[in-house]
Amino acid sequence: MRAYVVEHPEAPFRQRDIPRPTPSAGQVLVRIHASGVNPLDIKIRAGKAPHAQQPLPAVLGMDMAGIVEELGPGVTSLHPGDEVYGMVGGVGGLQGTLADYVVASADLLALKPKSLSMREAAALPLITITAWEGIVDRAKVHAGQQALIHAGAGGVGHIALQLAIAFGAEVFATVSPAKQHLVEQFGATPIDYQSLSTEQYVERHTAGQGFDIIYDTVGGPTIDASFLAVKRYTGHVVSCLGWSTHSLAPLSFRGATYSGVFTLLPLLTGQSQAHHGEILREAAALADAGKLKPLLNSQQFSISSSEEIAAAHALVSSGALGKVVVNVPV
């Protein structure tokens, strides 16, 4: 089968003919129709993501949507011909999704949302699982709360704010002035973090009380700002980029709590993979109910050439507006 391999850090994509994998017990073979490109894919290709544990050479790509071709022993939850989506490889030594086929644990997959195209579905898995684990699993978002999403027009951010709205919260999002319309179209209130201090927007939107939930998708100083903006006693801060050093004093003095999210753990350890599938099933239901939709870049790319894949990666590196997906012609 056709696959694209990166031989060493910063190397170009090279088309290779590699054996089509065979599913083992609990696995399925999927014919890939679309492969999502994430900022983490860019870091892995550059050799700057040791936490992803993906040695090169490797086939990159974590997200995909496609059709089940073959079942391994013991798989009863899926059937040949099912349209599925998931985050299935590209880290931890697992084959990625820039290929014609991939073998994946059935637990990591869910039926694709009926209302979304393959391209739209392939945009969702990593950012949706990351958003869900933070806003739903850790923060337990519910009606009556005020939730603040940092970088609300970003990949994880625009999904997190849609989830919080779907669960009944009043949602605010920090965003640059040029992207305010994006968070407004999803139903959130934009906060111009460039012109307002943390104290100013907390006073303006919560009467100085602080937000019930804050999801940091930026890291660094934004975590420190979150510790100052969270509600006393009952507030909860979540971060998917909490890798730097911070003082917990501001959070402790507010009597609030913090959680971290590391979405790759099930792929790296083999543990709790079924929860990824559960999240994607819930997300598919929300998408089909019109409550969840990816912000997708309008440019089209295909796996038909290494140049197009490189162009897709370059677009993500540039900070492109909307998720970038590579189509896999069948």
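Predicted model: local features only at pLDDT ≥ 70, side-chain atom pairs only at ≥ 80, totals over all residues.
Residues are numbered from 1 along each chain as its sequence is written, and side-chain values use heavy atoms, with hydrogens and water left out.

**Stop 1: aromatic pairs**

Rings of Phe, Tyr and Trp (its six-membered ring) pair if their centres lie within 6.5 Å; planes under 30 degrees apart are stacked, over 60 edge-to-face, and the rest tilted. By this rule there are four aromatic pairs. Select Trp132 and Phe167 to see an edge-to-face pair, 5.7 Å from centre to centre with 80° between the planes. Trp132 belongs to helix α3 (residues 125–138), while Phe167 is in the loop between α4 (155–166) and β10 (170–174), so the pair links distant parts of the chain, 35 residues apart. These element names come from DSSP runs, numbered from the N terminus: helices are H or I with at least four residues, strands are E with at least two.

Is Trp132 buried or exposed? Trp132 is buried, at 7% relative accessibility, whereas Phe167 is partly exposed at 32%. (Buried means under 20% relative accessible area, exposed over 50%, partly exposed in between, using a 1.4 Å probe and protein chains only.)

Next, pick Phe172 and Phe211. Their rings are also edge-to-face, 5.5 Å centre to centre and 65° between the planes. Here too the pair links distant parts of the chain: Phe172 is in strand β10 and Phe211 in the loop between α6 (198–206) and β12 (213–216), 39 residues apart. Phe172 is buried at 3% relative accessibility, and Phe211 is buried at 0%.

**Stop 2: charges over Tyr101**

Show Tyr101 with Arg20 and Arg31. Arg20 lies over the face of the Tyr101 ring, 4.9 Å from the ring centre. The charged end of Arg31 sits over the ring of Tyr101 too, 5.2 Å from its centre. To count as over a ring, NZ of Lys or CZ of Arg must be within 6 Å of the ring centre and within 35 degrees of the ring normal.

**Stop 3: where α3 meets α10**

Now colour α3 and helix α10 (residues 273–288). Their axes come within 10 Å and cross at roughly 95°. (Axes are lines fitted to C-alpha atoms, for helices over the stretch in contact, and angles run from 0 to 180 degrees between N-to-C directions.) The two helices are therefore roughly perpendicular, a label for angles of 65 to 115 degrees.

Which residues of α3 meet α10? On the α3 side they are Pro125, Thr128, Ile129, Trp132, Glu133 and Asp137. Their partners in α10 include His275, Ile279 and Leu286. Contact here means heavy atoms within 4.5 Å.

**Stop 4**

Go to Leu56 and Pro57: the peptide bond between them is cis, with omega near 5°. Pro57 is in the loop between α1 (39–45) and β4 (58–59).

Then find Lys140, in the loop between α3 and β9 (146–149). Lys140 is not a glycine, yet its phi is positive, near 55°. Lys140 is exposed, at 53% relative accessibility.

Finish at Ser272, in the loop between α9 (265–269) and α10. Ser272 also has a positive phi without being a glycine, about 60°, and is exposed at 56%.

Methods
Parallel < 35°, antiparallel > 145°, perpendicular 65-115°, else oblique.
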